[in-house]
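Open your viewer and get your selection tool ready. We will walk through this model one stop at a time.

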Amino acid sequence: MEICEIFYSVQGEGAFIGRPMIFIRTTGCNIFCSFCDSRYSWEKGKKMSIESIMKEIKKFKCKNVCVTGGEALLQKDIYKLIETLGEKDYAVFLETNGSIKLKETDTIINVVCSPKIVNGKFKVKIREDMVDCWKFVIKTEDDVKKAIEVYEDVADKEQIWLMPQATSREEYLEIAPKVWEWAKKYGVMFSPREHIVLFGQKRMV
Ligand code: SF4
């Protein structure tokens, strides 16, 4: 598998915010968003076997693993990794942009899908009932309206999260109060990005 980074931290966004977690970030994405806060994951990563990944994460005293990217489902061996994590009693959280079908698996306990607009439409192939949280990166109220328009019939309002689009603390502090107000207005969830507030663009925190 091609891995961008593996590190231990605290989940900084979404429904599991505050939870200590190991992050396995794979290399490569199939959507190249202009606002991507992990562009470095587009570059060439390190080839690692499942065995070496398991050895690496064993260093951390934590049983929660977030599999993320880039787009983790692009990796050929991703299900093998997920199954191995499950066999070793890790709780697996998956983050995906939803543009690739997710196979049935009992191992993943939570799927967060963050759909992106490509050519004017959300590029989503994941089965909607397999998603626990829909997380949208928001810059304008128009972004909120687009998300609500498509997803209000698909998900409960508690499953729809609005997350400020920001790659720096300054940008975050400027946009977050607006997103907060839009979450109130539309009755959906607000997701902070605590790692950006605390550490800005620093990686592996
Ligand atoms: S889908 Fe996610 S990881 Fe891929 S480019 Fe967009 S923001 Fe970055």
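What percentage of the 205 residues of the chain count as buried? The share is 34%, where buried means 20 or more other C-beta atoms within 10 Å of a residue's own, exposed means 12 or fewer, partly exposed lies in between, and C-beta atoms are placed from the backbone. Before you click further, note that this is a predicted model: local features need pLDDT of at least 70, side-chain atom pairs count only at pLDDT 80 or more, and totals for chains, interfaces and linings use all residues. Residue numbers start from 1 along each chain as its sequence is written.

**Stop 1: the whole chain.** Show the cartoon and you will find 5 helices and 11 strands; these are DSSP runs numbered from the N terminus, with helices (H or I) of at least four residues and strands (E) of at least two. Along the principal axes, the C-alpha atoms fill a box of roughly 45 × 35 × 30 Å. Of the contacts with a separation of 6 or more, 65% link residues 24 or more positions apart, a contact being two C-beta atoms, placed from the backbone, within 7 Å.

**Stop 2: the core.** Select Val65, Val67, Val92, Trp134, Phe136, Ile138 and Leu162, which touch the most other members of the 42-residue largest nonpolar core. Such a core is a set of buried Ala, Val, Leu, Ile, Met, Phe, Trp, Tyr and Cys residues joined through C-beta atoms within 7 Å. Strand E9 (residues 133–138) supplies its largest share, 5 residues.

**Stop 3: Ile138.** Stay on strand E9 and centre on Ile138. Why does Ile138 count as buried? Because 25 other C-beta atoms lie within 10 Å of Ile138. Leaving out residues up to four places away in sequence, Ile138 touches Asp143, Val144, Leu162, Met163, Pro164, Gln165, Val179 and Trp182. Now draw a C-alpha to C-alpha distance from Ile138 to Val92: they are 46 residues apart in sequence and 26 Å apart in space.

**Stop 4: the ligand.** Next, select the shell of Cys29, Ile31, Phe32, Cys33, Cys36, Ser38, Gly69, Gly70, Glu71, Asn97 and Lys116 around the ligand; each has its C-beta atom, placed from the backbone, within 6 Å of the ligand. The shell divides into 5 nonpolar, 4 polar and 2 charged residues.

**Stop 5: Val205.** Finally, go to the segment after helix H5 (194–199) and pick Val205. With 13 other C-beta atoms within 10 Å, Val205 is partly exposed. Beyond its neighbours up to four places away in sequence, Val205 touches Ser9, His195 and Phe199.

Note on methods
Ala, Val, Leu, Ile, Met, Phe, Trp, Tyr, Cys and Pro count as nonpolar, Asp, Glu, Lys and Arg as charged, and the others, Gly among them, as polar.
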